[in-house]
Each structure stands twice: as C-alpha cells, then as structure tokens.
Amino acid sequence: MATIRPAAPTYSEEVAPLTESESAVIFERAVRRYLNMSSVEFLSHLDSGYFQGHPELERRLNSVLFYLPLVKR
Amino acid sequence: MQNYMSPLQQAVACVSKAVLRPTGYEPKATAHMLSSQQMPSPLANTDLYFDVAQWFYIIEDRLNGPWRVTTAGYQYTIETGGGEEILGYHWQPNSVSPFKDPHLHLGYGAQIGRPELESTKAHLPTGRVSMEDFIQLLIEVFDASPHRDWRDVLGKTAKKFWQYASWGRRPS
C-alpha cells in the first residue's frame, strides 16, 4: 500500500524565511566575527586544509562551521 | 512550525528586538537554521552582545503530527562590545569536533585568567540548555534589561519546551 505523506507544514506569512543572500550575509558576519576574514578567504582556507595547521583556531573554526550550511544548502 | 518558533521569538523578545527567521519551512533531509540577521544583537541595558541560533529538522510525527520540529544543534553566546566571547553554550552533534555533547565554552571575555579553561579544548560538559535558560542568564547574571513580563513569558515558553523535548532535563 502506498504511503500517503502529509502535506508540507503551513507556510507562515508572518515570518518570511531567510533568502540565500540573507543567509550568506549571516555567514559572512560570522566568519568576520570569529576569524576576522572574509567568507571567500575562509572557504579557500577550508578547502586548502589551512586550519589543520592552526589548532589554536579550532574553537573559532567550529563556531563558524556551525553556520556553514547557510551557504551550502 | 509556529509551535517551535513562536516561544523562541517570545523568549528573545524579552531582551532584544531581533527577529528570528528560519531558512525554510519545508521538510528536507538537511537541517534548517533559525537565526536572525540582527545577530549578534545588543543586549538591552548593557554594552554586551548576544547571539542565538539553532539548527532543526522538520520531521513527520505519526503520533501527534502530521509534523514536528526537532532541534539538531544550538549555539548561544554572549560577548563583549569588542567581540571577545564571554561564554558560549554549544551543542553541535554534526560538527567535526570530537566533542559532540552539549557543552560550555568560557572565552577571553570572561576574564577568568586560566588558560586551560580558555583553550580550544576546554569543552565544559552541560546538560541540554534551552534558549529560555540562556535568556534568563542574560537577565539575571548580565543585567540585561528585560521587558516587564519576562518571568511569565520565559516560564510559559520553557514549560512548553520541556514538555515536548525528547531529551534533556529541565533545570530544577
């Protein structure tokens, strides 16, 4: 028997969801706040493994990584 | 969604004009975030700033459904006007950190003067911390100026939170 999925939750007209550009702004702010660099620089460092050589940044890195899915939806 | 978002917004509104917004309302395999563009937000009556954010999933609830929200992580922080973190309550089960349980960080802004507590490895274990607990801390410890009915608001929203929480224990 087919599973009938319920309809998606009702969209709230009172609180609009964050757009991708608004989410990117939040992420940019988090990167500058915790690591004092731009999000472009951060993502480049992340890809290059830069942070593996900087364990002293681990805590700040984790705080930024918390926000990473905002730009990797 | 309103059952999830509304109490949190009411709690935050006790000390700030920040508006919490989700990244979406649709169920999906990856988590949504609830955050505010105004974060870190000035803490009323102080020279401090605070930030609250949660990740959450929208999942089917066959018992009381059709849907419910389940929290997937949180980060609540308070920092100085200069951006030095004083403390942060974290639960980041999906992080790369080996420490997955809820914990507390003390930052340089706390002026503890103990390097081992301010180090990146100092994850001080905690139980689950609700956003209401954190807002209450901002008011009672950091002297944030709340709106008049804050005890009533936080009492009601915290009660609702712990009523539906699938894990953790309400502080007595």
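The structure is a predicted model.

**Exercise 1.** Determine how α1(B) passes α4(B), and describe the contact between them.

*Solution.* Begin with the handedness: the crossing of α1(B) past α4(B) is left-handed. Next, take the axes of helix α1 (residues 2–12) of chain B and helix α4 (residues 150–164) of chain B, which come within 9 Å and cross at roughly 150 degrees. Angles over 145 degrees count as roughly antiparallel, and therefore α1(B) and α4(B) are roughly antiparallel to each other. Finally, look at the residues that meet: α1(B) contributes B:Pro7, B:Gln10 and B:Ala11, while α4(B) contributes B:Val153, B:Leu154, B:Thr157, B:Lys160 and B:Phe161. Sorted by class, the residues of this contact are five nonpolar, two polar and one charged.

**Exercise 2.** Describe the contact between chain A and chain B, with attention to the side of chain A.

*Solution.* Start with the counts, which are 24 residues from chain A and 29 residues from chain B. On the side of chain A that touches chain B, the elements giving two or more residues are α1 (20–35) and α3 (58–65) of chain A. That side of chain A has 15 nonpolar, four polar and five charged residues.

**Exercise 3.** Which residues touch the most other members of the largest nonpolar core?

*Solution.* The core holds 49 residues, and those that touch the most other members are A:Val64, B:Ile135 and B:Leu138. Strand β4 (residues 49–60) of chain B gives the most to this core, with seven residues.

Key: Residues numbered from 1 in each chain as written. Chains lettered and ligands numbered in written order. Predicted model: local features only at pLDDT ≥ 70, side-chain atom pairs only at ≥ 80, totals over all residues. Axes fitted to C-alpha atoms, helices over the stretch in contact; angles between N-to-C directions. Helix = DSSP H or I, 4+ residues; strand = E, 2+ residues; numbered from the N terminus. Parallel < 35°, antiparallel > 145°, perpendicular 65-115°, else oblique. Left-handed = near helix turned anticlockwise from the far one by under 90°. Contact = placed C-beta atoms within 7 Å. Nonpolar A, V, L, I, M, F, W, Y, C, P; charged D, E, K, R; others polar. Core = buried A, V, L, I, M, F, W, Y, C linked by C-beta atoms within 7 Å. Buried ≥ 20, exposed ≤ 12 C-beta atoms within 10 Å, placed from the backbone.
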